Amino acid sequence: MASTSAVHAPAVRPVRGPRSSAVPRPRLTVVSAPRTAGGSMPFTLLCTLIVVSALAALLYLNIQMSDTSYEITRLQSQSQRLTEEKQALSETNERLGTPQSLERQAREIGMVPVTDPAYIDLDTGEILGETSPAQQTEVNPELADVPAEKAVPPAEIYDEPTTYHGMGNEGA
């Protein structure tokens, strides 16, 4: 059989010297083991939640940037097309607005030059001068049988949006 006996620590003698004084030895007591506050599961779940939410936010922002990029590309293309159309219309306007072109167009629809103009006095409203109806020298066969409503074509409206056929993943 084994016997147990108390183990005594060897006695330590305080050193006495000219400068050292006797220091009392600290008293030791038995302390219970520290209790843990809980498992690491809540902390792990919190960290996982933070990482997943950050990745979801990053994915959402990436999708939004992609959609915005497609919209910018579509609007730039539309802007370029409208700029080209504006230039073409401006050139047509300049070409058709010359005096020679206006005279030709006026003669095509049956207008004749004025031979003896009359003026209106704006203060009194009186007509100054004598006028006579203008005589048309030549008949335009194209416009002879055309009713007045159809002599001038209706204006065309270009404000209708064109359809955009993109890659198919840019949203509505």
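In which helix do E103 and R107 both lie, and how many residues apart are they? Both belong to helix α2 (residues 99–108), where they sit 4 residues apart, about one turn of the helix. Please keep in mind that this is a predicted model. A search of the whole structure turns up 4 salt bridges, and here is a friendly tour of some of them, including the pair formed by E103 and R107.

- E103 and R107 are joined by a salt bridge, with their closest N and O atoms 3.4 Å apart.
- As for solvent, E103 is partly exposed at a relative accessible area of 44%, and R107 is also partly exposed, at 40%.
- R104 pairs with E108 in another salt bridge, and here the closest N and O atoms are 2.9 Å apart.
- R104 counts as partly exposed with 42% relative accessibility, while E108 is partly exposed with a relative accessible area of 38%.

- The side chains of R81 and E85 meet in a salt bridge, at 3.7 Å from N to O.
- Helix α1 covers residues 41–96, and R81 and E85 are 4 residues apart within it, which means that about one helical turn lies between them.
- R81 is partly exposed at 31% relative accessibility.
- E85 has a relative accessible area of 23% and is partly exposed, because buried would mean under 20%.

Notes: Residues numbered from 1 in each chain as written. Predicted model: local features only at pLDDT ≥ 70, side-chain atom pairs only at ≥ 80, totals over all residues. Heavy atoms only, no water. Helix = DSSP H or I, 4+ residues; strand = E, 2+ residues; numbered from the N terminus. Buried < 20%, exposed > 50% of the residue type's maximum accessible area, 1.4 Å probe, protein only.
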